[in-house]
Amino acid sequence: MSNSVESNREVNVDVEFADFSVAQVLFGELNQNLNLVEQSAGVRIYDRGNVLRIEGRAHAVELAEKALQQRYGLIDKGYGIFSEDIGF
């Protein structure tokens with residue numbers, strides 16, 4: 001299977017964040033930050049507590065997951081984030 005076919009296939013991944021309070025900051029008020037990631041990466045994100053389901057094309061899901069994990073790590077270490085830090 002070629003890389004372009006593989007990266008265009010639809011996938012979903014569940015991402016669990018250990019600290020719910022940090023996850024809430026990451027998600028943003030009314031999930032504003034998640035909406036920005038959806039728009040930037042072209043994915044769909046559904047939240048349930050501290051777990052996200054990210055759906056979309058494989059390469060976009062991977063990009064969104066990595067971006068969210070990185071930003072979660074920054075928040076967990078005490079760094080503030082702004083909406084400008086969320087989009088990519």
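Predicted model: local features only at pLDDT ≥ 70, side-chain atom pairs only at ≥ 80, totals over all residues.
Which residue takes a positive phi in the hairpin of strand 2 and strand 3?

**View 1. The whole chain, with five helices and three strands.** Let's start with the overall layout. The chain has 88 residues, and 33% of them count as buried. Its accessible surface comes to about 5,600 Å², with 48% belonging to carbon and sulfur atoms. Look also at how far apart in sequence the touching residues can be: among contacts between residues at least 6 apart, 61% join residues at least 24 apart.

**View 2. The hairpin of strand 2 and strand 3.** Here is the reply to the opening question: Gly49 is the residue with a positive phi, near 65°. Two residues sit between the strands of this hairpin. Strand 2 and strand 3 run antiparallel and are joined by five bridges. To see two residues facing each other across the pair, look for Arg44, which stands opposite Glu55 in strand 3.

**View 3. Asn50, in the loop between strand 2 (44-48) and strand 3 (51-57).** What does Asn50 touch, once residues up to four places away in sequence are set aside? Its contacts are Val15, Glu16, Phe17, Ala18, Phe20 and Ala23. With Phe17 there is a polar detail to spot: a polar atom of the Asn50 side chain lies 2.5 Å from the backbone oxygen of Phe17.

**View 4. Ala18, in the loop between strand 1 (10-16) and helix 2 (20-27).** Is Ala18 buried or exposed? Ala18 has a relative accessible area of 77%, and residues over 50% count as exposed, so Ala18 is exposed. Even so, Ala18 has partners: leaving aside its neighbours within four places in sequence, Ala18 is in contact with Asn50 and Tyr72. Look for Asp76 too, which is 58 residues from Ala18 along the chain. The C-alpha atoms of Ala18 and Asp76 are separated by 10.0 Å.

**View 5. Helix 2 meets helix 3 (residues 32-41).** The axes of these two helices come within 5 Å and cross at roughly 55°. An angle between 35 and 65 degrees is neither roughly parallel nor roughly perpendicular, and helix 2 and helix 3 are therefore oblique to each other. On the helix 2 side, the contact is made by Val25, Leu26 and Phe27. Helix 3 contributes Gln32, Asn33 and Leu34.

Key:
Residues numbered from 1 in each chain as written. Heavy atoms only, no water. Helix = DSSP H or I, 4+ residues; strand = E, 2+ residues; numbered from the N terminus. Buried < 20%, exposed > 50% of the residue type's maximum accessible area, 1.4 Å probe, protein only. Contact = heavy atoms within 4.5 Å. Areas by Shrake-Rupley, 256 points an atom, 1.4 Å probe, with all protein chains shown as cover. Polar contact = N/O pair within 3.5 Å; in protein donor to acceptor, adjacent residues only side chain to side chain. Pairing = 2+ DSSP bridges. Axes fitted to C-alpha atoms, helices over the stretch in contact; angles between N-to-C directions. Parallel < 35°, antiparallel > 145°, perpendicular 65-115°, else oblique.
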